[in-house]
Amino acid sequence: MDRSRRRFSTTPVARHNHLDPPKPGEERKVTFVTKEGDRHTFEVADGDNLLDIALENDIEMEGACGGSCACSTCHVIVEDDAMYDKMEEPTDDENDMLDLAFGLTETSRLGCQLKMSKELDGLVVKLPQMTRNMQASDFASK
Ligand code: FES
């Protein structure tokens, strides 16, 4: 393929969906709570970020910028305050993007910036009702 003729695409990059399985004894649990209230728990490895985990497991998270902290479509809400307090502080870039997120809460984070670790084992995050880059499904008639 002639690389010089490749066109820019806004489709999330295809590097997702290649998460390595956790090493035995180092499995970390993370639970996503969907807009509908369904809970989905996965065993993942240290270093996996929440956007990649969501995409790999067909959790509805848009990730419009491909995880480069340039949108707010991977917005998640950490369910437990104590778990939120264990996380590293968001960077200025993350805070700037979070300011654009709909439904911002005290425990909001960007999924692509949150990496799993031993400390975050058992993390539960809720998906917001809407993101700024809204999808057709957000407008589906009820
Ligand atoms: S995917 Fe765009 S900021 Fe996380």
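Biologist: How does Glu79 count at 35% relative accessibility?

Modeller: Buried means under 20% relative accessible area and exposed over 50%, with partly exposed in between (1.4 Å probe, protein chains only). Glu79 has a relative accessibility of 35% and therefore counts as partly exposed.

Biologist: At what pLDDT do side-chain atom pairs count?

Modeller: Residues are numbered from 1 along each chain as its sequence is written, and side-chain values use heavy atoms, leaving out hydrogens and water. The model is predicted, so totals for chains, interfaces and linings use all residues, whereas local features need pLDDT of at least 70 and side-chain atom pairs count only at pLDDT 80 or more.

Biologist: Which pattern does the protein chain follow along its sequence?

Modeller: Helices (H or I, at least four residues) and strands (E, at least two) are DSSP runs, numbered from the N terminus. The protein chain has 3 helices and 5 strands. Read along the sequence, their pattern is β-β-α-β-α-α-β-β.

Biologist: Of contacts between residues at least 6 apart in sequence, what percentage joins residues at least 24 apart?

Modeller: A contact means heavy atoms within 4.5 Å. Among contacts in the protein chain between residues at least 6 apart in sequence, the share joining residues at least 24 apart is 68%.

Biologist: With which residue does Glu79 form a salt bridge?

Modeller: A salt bridge is a side-chain nitrogen of Lys or Arg within 4 Å of a carboxyl oxygen of Asp or Glu. The closest N and O atoms of Glu79 and its partner Arg39 are 3.4 Å apart. The pair links distant parts of the chain, 40 residues apart: Glu79 lies in the loop between strand E3 (75-78) and helix H2 (81-86), and Arg39 in strand E2.

Biologist: Are Glu94 and Arg109 buried or exposed?

Modeller: Glu94 and Arg109 form a salt bridge, with their closest N and O atoms 2.8 Å apart. Glu94 lies in helix H3 (residues 92-98) and Arg109 in strand E4 (residues 108-110), so the pair ties together parts 15 residues apart in sequence. Relative accessibility is 2% for Glu94 and 3% for Arg109. Glu94 therefore counts as buried, and Arg109 likewise counts as buried.

Biologist: To the backbone oxygen of which residue does a polar side-chain atom of Thr107 lie at 2.8 Å?

Modeller: Thr107 lies in the loop between H3 and E4 and, at 8% relative accessibility, counts as buried. Not counting residues up to four places away in sequence, Thr107 touches Val76, Ile77, Val78, Asp81 and Tyr84. The backbone oxygen lying 2.8 Å from a polar atom of the Thr107 side chain belongs to Val78.

Notes: Polar contact = N/O pair within 3.5 Å; in protein donor to acceptor, adjacent residues only side chain to side chain.
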